[in-house]
Amino acid sequence: MDEFKNLKQFYDGHFCYVARAGTRPIGFLTALPDYFQVLHRMNGKILPFGWYKFLRYRKKIDCVRAFTQMVVHDYQKKGVNHAMYLELYRDAVKMGIKSVEASCVDEKNYESRLSIEKSGGNQYRTYRTYRYNF
């Protein structure tokens, strides 16, 4: 819940999708504008002009990051992921967004990766997490 409160300040009312089967929610997809583009311009500094750069460049964000997605087990492999990513892409195009990034999809999550690729996406980068055991 605390994480949601932290992200809520960046949420502008767009890019949140809930898939339903009748009245039952069966999946969701949430994306946010890519504020890393703005933070990069700020160079890690708020003062003296970072706040101005934030206000100026947040209107020029041209990428959306899909950071969480889930489909209940009964509806997996039935195109629900594909439909939600397709809706995200269509809405992004309407708003002038040039790209959608789903960087939080694990490389071993083949179903989610396949649904993104079927929606027209391609893998261009792989993030890995390593664990060191003492």
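Biologist: Which residue forms a salt bridge with aspartate 34?

Modeller: In this predicted model, aspartate 34 forms a salt bridge with arginine 65, and their closest N and O atoms are 3.0 Å apart.

Biologist: Where do arginine 65 and aspartate 34 lie?

Modeller: Arginine 65 belongs to strand E3, whereas aspartate 34 sits in the loop between E2 and helix H2 (36–42), so the pair ties together parts that are 31 residues apart in sequence.

Biologist: Is aspartate 34 buried or exposed?

Modeller: Aspartate 34 has a relative accessible area of 7%. It counts as buried because that value is under the 20% limit.

Biologist: And what about glutamate 101, with which residue does it form a salt bridge?

Modeller: Glutamate 101 also pairs with arginine 65, with 3.2 Å between the closest N and O atoms.

Biologist: How many salt bridges does the structure hold?

Modeller: The structure holds four salt bridges. One of them links the side chains of aspartate 74 and arginine 24, at 3.8 Å from N to O. Aspartate 74 lies in the loop between strand E3 (63–71) and helix H4 (80–94), and arginine 24 lies in strand E2 (residues 24–33), so the pair ties together parts that are 50 residues apart in sequence.

Biologist: How accessible are aspartate 74 and arginine 24?

Modeller: Aspartate 74 counts as partly exposed, at 48% relative accessibility. Arginine 24 also counts as partly exposed, at 38%.

Biologist: Changing topic: how do E1 and E2 run?

Modeller: Strand E1 (residues 16–21) and E2 run antiparallel and are joined by six bridges. Valine 18, for example, has phenylalanine 28 in E2 as its bridge partner. The two strands form a hairpin with two residues between them, and glycine 22 in the turn has a positive phi of about 70°.

Biologist: What is the volume of the largest pocket?

Modeller: The volume of the largest pocket is about 720 Å³. It is lined by 28 residues, of which Val100, Glu101, Ala102, Ile116 and Asn122 are the closest to its centre.

Biologist: Which element gives the most to that lining?

Modeller: H4 gives the most, with five residues. H4, E4 and helix H5 (110–118) each supply at least two residues. The lining divides into 13 nonpolar, eight polar and seven charged residues.

Notes: Residues are numbered from 1 along each chain as its sequence is written. This is a predicted model: local features need pLDDT of at least 70, side-chain atom pairs count only at pLDDT 80 or more; totals for chains, interfaces and linings use all residues. Side-chain values use heavy atoms; hydrogens and water are left out. Helices (H or I, at least four residues) and strands (E, at least two) are DSSP runs, numbered from the N terminus. Buried means under 20% relative accessible area, exposed over 50%, partly exposed in between (1.4 Å probe, protein chains only). Two strands pair if DSSP finds at least two bridges between them. On a 1 Å grid over the protein atoms alone, a cavity is a set of points where a 1.4 Å probe fits but cannot get out, and a pocket is an open set with protein on both sides within 12 Å along at least five of seven lines; lining residues have an atom within 4 Å of a point. Grid points are joined across faces, edges and corners, and a volume is the space filled by probe spheres set on the points. Ala, Val, Leu, Ile, Met, Phe, Trp, Tyr, Cys and Pro count as nonpolar, Asp, Glu, Lys and Arg as charged, and the others, Gly among them, as polar.
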